[in-house]
Amino acid sequence: MQQAVQSRIVSDVISAKTTLEGEGFVVHRSFPNYSIREFDPFLLLDEMGPIVLSPGDAKGAPDHPHRGFETVTYVIDGVFEHKDSHGHSGRIGPGDVQWMTAGAGVIHSEMPEKEFLQKGGRLHGFQLWVNLPKKDKMIKPRYQDVPAQKIPIVQKDGVTVRVIAGEAMGKHAVIDTKTSIMYLHYTIQPGSKITQKVPSSYNVFAYVMDGEGLFGAEARPAHKEQAVFFEKNGDEVVISSPKDATIPLEMLLIGGVPLGEPVARYGPFVMNTEQEIKEAISDYNNGKMGKIDF
Ligand code: FE
């Protein structure tokens, strides 16, 4: 007999903590924190803003290294310029995604675009860190710059989804990920509901960027700036926006197969052992991750 589809329940709802990053810009960090170090294969989720910046106030993250994982930047408002030690550069504006596989190591710079810095304006975006399996930690760095217009959008029954990675409402993402990942941006109108299929092997969490929602089989409430972690007990998640809500529920729904490998992490280096972390620090100090010279 085939097993019935089981709807996941919520294991934890956590309020993001406000912290400073880079040159001192405010982020809302869902994890890591004192209770969740990582949510395998995910290492970090930061929300930048939303904030309205005055001219000259935008800040960024100047030259810094990465090794052993991937950074995924999703900009909703504002414009950033990325550069790195492999000569890659790109502009990331509203709706654009950059999926960077740091692999063996890069020096990375993420700064506000000149014009955006001068004029100011609304800034809102996300950075997700995705761990790499041991076999891929030292691969050659790779980039996927995906402009907003290439990201599939589906609209139906009071629900809009942007398919950044994985599959939703019959559309496949264009991004190719090293391990199997789902990254969806949902907008759910008051009174509407989604049922998202998720492989039973995935760890899945949601992040509420605006409004409020009811999560999982038990319809647990969560609101703006909260992350919702699901139990690994089924192959779909249900999420709804309450009928009496005054604004739509705006959220990210993210999932992936856990790697199940040891994690040794020190700032921007994420490896499997302390010895590999020491090597990463020494390679960085000896200039082996290159430099940005353009
Ligand atoms: Fe970076």
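Predicted model: local features only at pLDDT ≥ 70, side-chain atom pairs only at ≥ 80, totals over all residues.
**Exercise 1.** Determine what span helix H2 should have and which side of H2 is buried.

*Solution.* 
1. Helix H2 covers residues 274–285, which is 12 residues. At 1.5 Å a residue, H2 should span 16 Å.
2. Taking buried as under 20% relative accessible area, the buried residues in H2 are Glu-276, Ile-277, Ala-280 and Asp-283.
3. These residues cover an arc of only 125° around the axis, so they lie on the same side of H2.
4. The buried residues pack against two strands, S25 (264–266) and S26 (269–271).
5. Exposed on the other side of H2 are Glu-274, Lys-278 and Asn-285.
6. After H2 comes Gly-287, with a positive phi near 75°.

**Exercise 2.** Give the strand order of the open sheet of 7 strands, and state which strands stand at its edges.

*Solution.* 
1. The order is S1-S22-S19-S24-S17-S14-S13, with antiparallel pairing.
2. The edges are strand S1 (10–15) and strand S13 (153–156). Each has a single partner strand, so one side of each is left without a neighbour in the sheet.
3. From one strand to the next, the twist averages 20°.

Conventions: Residues numbered from 1 in each chain as written. Heavy atoms only, no water. Helix = DSSP H or I, 4+ residues; strand = E, 2+ residues; numbered from the N terminus. Expected span 1.5 Å × (residues − 1). Buried < 20%, exposed > 50% of the residue type's maximum accessible area, 1.4 Å probe, protein only. Arc of directions from axis to C-beta. Contact = heavy atoms within 4.5 Å. Pairing = 2+ DSSP bridges. Axes fitted to C-alpha atoms, helices over the stretch in contact; angles between N-to-C directions.
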